[in-house]
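Reader: I'm new to this one, so could you show it to me and walk me through a few of its charged pairs?

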Amino acid sequence: MFYDPVADEILDFVGGVEDLQRRHLRAIGDPAARLAEDKLRLVRAVRFAARFQFSMDAATGQAIRTSAPNLSVVSAERLLDEMKKICGNRYAAQAIQQLFDLRLLQTVWPQLADIFESYPEIQRHTLRAIELLTHKSIETIFSLAIWFMQQAHSPQVAAPIVKQVDDHHSAATQIGLHLRMSNQVLNDLHDLTNHISFVLNGSGRMWSAIQPLACHPRFSDLIDICKAVQKTLEYPIDGIRHVEQQVALHQNDLSPPPLLTGQDLKRLGYRPGPEFKNILT
């Protein structure tokens, strides 16, 4: 489509205006040809449909499903960038469901696709919990999904239990390597996933066990994930409440005053400069 500023009119040769009015996502011309031009369009179509709440054209959807194996030629970096955008959207759960339905998740995250295929209950719980997340990001959504993947041997997921840390590390490392995540993102996945059951079953835990977790930069994300899981499974909220109460009671312990300040160094005869900063650090 084009806009003519002189005539103040839209030149539409592809029926785009009608599609927009109908909130309909459709490839121009031959869908298979458009998708072949850039294989990442397979995922982008899903992202746009979810973000703008557009219906997917039947022919376009079928072309995506047929072309899904071609997604394997797209670099991990480009796939990761698309997944970050999908996970940051309020309709992330809907997009992930469509990725699975169109056989794209099998390339983006094959381990999760296998779990969804074998355990529909896990799939339902995971997507419901994603919907309930207040802060959606690739870290929160992937950590939540990894935790549910570990429940696959107990499909009813009636009582979350503390799993072996290695289980979570294995699943997080697999997807981290597959999508070539940064060490920081991968570490966040490990930290968040490993402590979901810790918080859910947190009743009676000592402050000394909670404090290191409360100091973590993503502590609020962890609580958000746990609340989404708790609501999804209708699990007792006592553990989450206890952890939150302990953090509130010991708020001053989380950011104590520095043991050494610049004024201390000046009194000791040090002069401000590069070494000054290193000593304080």
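**Charged pairs and a buried loop residue**

Author: Let's start with Arg128 and Glu131, whose side chains meet in a salt bridge at 3.2 Å, N to O. A salt bridge here is a side-chain nitrogen of Lys or Arg within 4 Å of a carboxyl oxygen of Asp or Glu. This is a predicted model, where local features need pLDDT of at least 70, side-chain atom pairs count only at pLDDT 80 or more, and totals for chains, interfaces and linings use all residues. Residues are numbered from 1 along each chain as its sequence is written, and side-chain values use heavy atoms, leaving out hydrogens and water.

Reader: Which helices does the salt bridge between Glu82 and Arg47 involve?

Author: The closest N and O atoms of Glu82 and Arg47 are 2.7 Å apart. The two residues are 35 apart in sequence, so the pair ties together separate parts: Glu82 lies in helix H5 and Arg47 in helix H3 (residues 41–51). Helices are DSSP runs of H or I with at least four residues, numbered from the N terminus. So the answer is H5 and H3.

Reader: Is Glu82 buried or exposed?

Author: Buried means under 20% relative accessible area, exposed over 50%, and partly exposed in between (1.4 Å probe, protein chains only). Glu82 has 1% relative accessibility, so Glu82 is buried.

Reader: Which backbone nitrogen does the side chain of Asn89 reach?

Author: Asn89 sits in the loop between helix H5 (76–87) and helix H6 (92–101). Asn89 is buried, with a relative accessible area of 17%. At 2.8 Å, its side chain reaches the backbone nitrogen of Tyr91.

Methods
A polar contact is a pair of N or O atoms within 3.5 Å; within protein, one must be able to donate a hydrogen and the other to accept it, and residues adjacent in sequence count only if both atoms are side-chain atoms.
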